[in-house]
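Trainee: Hi, I'm new to this one. Please walk me through it.

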Amino acid sequence: MHKHNFFDFGLEPQRDWTVRLHTVSHQRHSNSLLTGVLLQKCWVLDYSLDNCGGCRVGETGDWLPRSAGWAHLYRPGTVYREDTRVPGEHESTFVTFDGAEEIGLDELTDPARGFARIYDPAGRLGEKLTALAALGAARGNQGLLGAMAIFWQLADELVHYTTPDLGGVRWLHRLAEQPQLPRGNAWTGAVRHYLEVHFREQVSLAAMAKSLGMSVSSLSHRYRSEAGESVFTTLLRIRVEQSLPLLHAGERLKQIAAAVGFADEFYYSRTFKRFFGTAPAYYRKNIDAATNWACHDRVSAKNPERFSGRGGY
């Protein structure tokens, strides 16, 4: 196993602070092994910058691919394993911390399973975690205030800009591609927000227009003029985007279609191909083939106090 920790630092405890950072690490690694049982006494937010691993939460759960742009949030005491069998070098980053319960991050997780899985299509979480680790590499504990500022931005996005409970899966979430609702201007943002809230339903232009205080004709023409596409096209785009975490999780196409508002799997597949240029089954096959499991090792449950030589708490 070869590991290259080029960003890695541990933060000193912040006295009387509710939220405390412990360790931030950004790694480029090349290894091939099945880890032992992993366990932390604090919260862990782990992020894959490449297709760098697979993990299993619990002793007998299903293995989940850790593709690029996916984050896992683990509660303290959650048992999990990682299978690290991807050739070549891959990058991942993580932070361990306390105080998730005080700021609402705990609500993303399923208490029964002890974790959450979050899809970050724009890569904003990865950028912030990388910046957090780079700050530590440059300034060490003198960069504490800056590190906390970055962490608060990261937490704000997770708490306020994730779509929870996709398809009824308590632990599966998707981070909005933009940190704020408006796209172009506040009005088109309001239309999109309405669609993001109601995309699982049979959306009515009449109901939407009424909620926005305008006529159906004005809604249709103004939105097409300002957004560059029809309201219906945006609705279909949102439904397809919202289906990606379920597709990655291995759900059946019939269940995915129903969960995101399509009448059947055939209409879903046709619409998916319209936006992505390929059928959802083929898309998932390629993603799975590219993810042959890998990532960095962490703390064994037999020795939870030691943080793999990366500093810590």
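Mentor: Helices (H or I, at least four residues) and strands (E, at least two) are DSSP runs, numbered from the N terminus. With that in hand, Asp83 sits in strand E8, which covers residues 80-85. This is a predicted model, where local features need pLDDT of at least 70 and side-chain atom pairs count only at pLDDT 80 or more, while totals for chains, interfaces and linings use all residues. Residues are numbered from 1 along each chain as its sequence is written, and side-chain values use heavy atoms, leaving out hydrogens and water.

Trainee: OK, is Asp83 buried or exposed?

Mentor: Asp83 counts as buried because its relative accessibility is 6%; buried means under 20% relative accessible area, exposed over 50%, partly exposed in between (1.4 Å probe, protein chains only).

Trainee: Zooming out, how many helices and strands does the protein have?

Mentor: There are 10 helices and 12 strands. Of the 313 residues, 49% count as buried. Take the contacts (heavy atoms within 4.5 Å) with a separation of 6 or more: 71% of them join residues 24 or more positions apart.

Trainee: New topic. Where does Glu229 lie?

Mentor: Glu229 is in the loop between helix H6 (216-227) and helix H7 (231-248). Glu229 is buried because its relative accessible area is 17%.

Trainee: Which side chains make a polar contact with the side chain of Glu229?

Mentor: Thr234 is one, at 2.6 Å, and Arg237 is another, also at 2.6 Å. A polar contact is a pair of N or O atoms within 3.5 Å; within protein, one must be able to donate a hydrogen and the other to accept it, and residues adjacent in sequence count only if both atoms are side-chain atoms. Leaving aside neighbours within four places in sequence, Glu229 is in contact with Tyr223, Arg224, Thr234 and Arg237.

Trainee: At what angle do H7 and H9 cross?

Mentor: Roughly 100 degrees, and the axes of H7 and helix H9 (residues 265-276) come within 10 Å. Axes are lines fitted to C-alpha atoms, for helices over the stretch in contact, and angles run from 0 to 180 degrees between N-to-C directions. H7 and H9 are therefore roughly perpendicular; under 35 degrees counts as roughly parallel, over 145 as roughly antiparallel, 65 to 115 as roughly perpendicular and the rest as oblique.

Trainee: Which residues meet there?

Mentor: From H7, they include Phe232, Leu236, Arg237 and Val240, and from H9, Tyr267, Tyr268, Phe272 and Arg274 are among them.
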